[in-house]
Amino acid sequence: MLRIRNLDVAYGPVAVLRRVSLHVNPGEVVAIVGANGAGKTTLLNTVTGLVRARAGEIALRGRDVSRLPTEETVALGCSLVPEGRQVFASMSVRDNLLMGAHVQLRRGRRDEVRADLERVLGLFPVLRARERQLAGTLSGGEQQMLAMGRALMARPALLMLDEPSMGLAPLVMKDILATVSRIAAEGCTVLLVEQNARSALKIADRGYVLETGRIVLEGTSEELLANRDVQRAYLGRDVDPESEART
Amino acid sequence: MTTTPPAYWQPEVECMEREELAQLQLERLEATLSRVRRHVPFYRKSFDEAGFDADEVRSADDLRRLPFTEKRDLMEAYPYGLFAVPLRDVVRLHATGGTGGAAIVMGYTRNDIRTWSNLMARMLVAGGVTRDDVVQITFDYGLFTGAFGVHQGAERLGASVIPIGSGNTKRQVKIMQDYRTTALVSTPSYALHLAETMSEMGLAANAFSLRRALLGGEPWSEALRKRVEDQLHVTATCNYALSEVMGPGIAGECLERDGLHVAEDQFLVEIVDPLTLEPVRPGSRGELVLTTLAKEAFPLVRYRTRELTSLVPEPCPCGRTSVRLRPVEVRTDDLLVVKGVNVYPSQVEAVLRSVQGTEPNFEIVVERPRDLDEATVLVEVSESVFFDEMRRQAEFRERLKKRLASELGVTFEVKLVEKKTLERIEGKGPGNVRDRRTR
């Protein structure tokens, strides 16, 4: 689905990503975990073409997208749910969702868009209940769902989520991640960037650990969760072997 | 109703498309280089000295710009100098033979153990072992990686493991009979010794339940396989193990028995000319160099194994997509260049064994009295040969000389000496080399 090889990204003289290589197989949920400033958001923004790579290859469904403008990458089936939701506050929930369908609408697929809207509202019942409400009046969790629904309206083959749980209460976060699992179960491939490593890895098949712009670990979620470095750095605990043996 | 046992343990990696595998190898190589540079001072130093920027790696080929890691580097790091994780993350320690400065200590994290178990389970399944098998492990349990490595894999697979360990051959045979062992894990020579013991005990091998033998830990030959298969009535597969790199589980034969499948998602294989250290032509013989791709505690970058092998280029009919290694027949440790010809002591040993019909003890002496190399093999022979008529002694010597010349492509003088006159180096086997040439 997505294959990245040796991606170098710099903001001016400052290298942000150093020869990052990763892949996402169709149907997989892949998590990228790492601390603040590791380059996770930059990575997603580079895939969508919002940031240009200095070197490296990005292949989306076999096509090189490293030089494509963002709208063409989206048209190829890659949608990004940005960090901090960024819904259109002064527009209704319904209009926000329709904004996500602009690629489809431009292709004149009104019927499909109507069906997609139904599907997304089905996936997020809370959005159906607030369909006419202004997006700015939604809670943080609801806005996150709206942002995800909006991305799904573009019928992505690959859905990229940037910190979907940021700033949300634990219960809401759980809900959001459960929805991500459901989206994946319906066949959408997911690339998930999260600071909350444990939650992300729990719903992911595989993961990568990004540290100061470099990938230092690749593995199944199970392997990464069992890695002591990951536990110390990202799971917020210094491991007590005895408590671990008991779990 | 019987169900067909699975042909693969981890088909998603064992049968992975080559292109996908290349991507995975690149990702893991880059991650490994980032980790060792960060956590292992030895690699940081060796990269710096070589002027190598790990961030500049763009493909597995770039690995060639890196210095090799030698066995002595591992010895100098004794005991924990090359660990990439703190000791508290290590759940197991193994070591190679020798004590103090001559030993190498390997650490494994919990993930390493899990990976290792899966790798060994792959090799067992490839060799035809299923969860219904009763597996008798005759390697030495202890610091040595062999027994524990196979043990974990067999348990992971779900087979019934008999952790009998080494020695006490009569008891081994008795247990093999009583427990109805179906798969034997041993060295080739011990498998033959078991067969011999069976016949000494008046037991016929075909009365046993044994059907598979997974062999490893010694130089290999097809003749050896045939003898084990004939004498024990089993299908024998060859496995490659190297403790420093992991233990068993690195490469093993499938039932096609035509080369050992390398676990390429875990190990990057290079074959280099042992003299120039440049890559050999595809398919040619050279020294095996391994880089670990996912090991956490004890990663190795470009480790020179000192073992000679070649790659089988064609895909295997079994469906696994990994490259295959030819079984290792000789090691490069004592590579000698005599009159410009590469000679390995193990080649000399093979000739002596075939002519003498017994395990030889011998010494190779190379001198350069004037400008030319002169090579001599000193061979211990039994008293009967030694006190034989001069004429017959000379004939025997001539026969050895001719065989050596035709097998090695270089002339050796042959001297016969009495038993127990040659020094044996502990743990090194026969074939002492004395190179007296001034360099």
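A residue is taken as buried if 20 or more other C-beta atoms, placed from the backbone, lie within 10 Å of its own, as exposed if 12 or fewer do, and as partly exposed in between. By this criterion, 50% of the 247 residues of chain A count as buried. The model is predicted, so that local features need pLDDT of at least 70 and side-chain atom pairs count only at pLDDT 80 or more, whereas totals for chains, interfaces and linings use all residues. Residues are numbered from 1 along each chain as its sequence is written, with chains lettered from A and ligands numbered from 1 in the order in which they are written.

The secondary structure of chain A comprises 12 helices and 10 strands, these being DSSP runs (helices H or I, at least four residues; strands E, at least two) numbered from the N terminus.

Helix 5 of chain A, formed by residues 110-123, buries A:V113, A:D116, A:L117 and A:V120. These residues lie on the same side of helix 5 of chain A because they cover an arc of only 105° around the axis, the arc being that of the directions from the helix axis to the C-beta atoms. The face turned away from this buried side carries the exposed residues A:D111, A:R114, A:A115, A:E118 and A:G122. Among the elements of chain A covering the buried residues of helix 5 are helix 3 (93-99), helix 4 (102-106) and helix 7 (140-152).

Between the chains, 17 residues of chain A are in contact with 17 residues of chain B, contact requiring C-beta atoms, placed from the backbone, to lie within 7 Å.

Key
Two residues are in contact if their C-beta atoms, placed from the backbone, lie within 7 Å.
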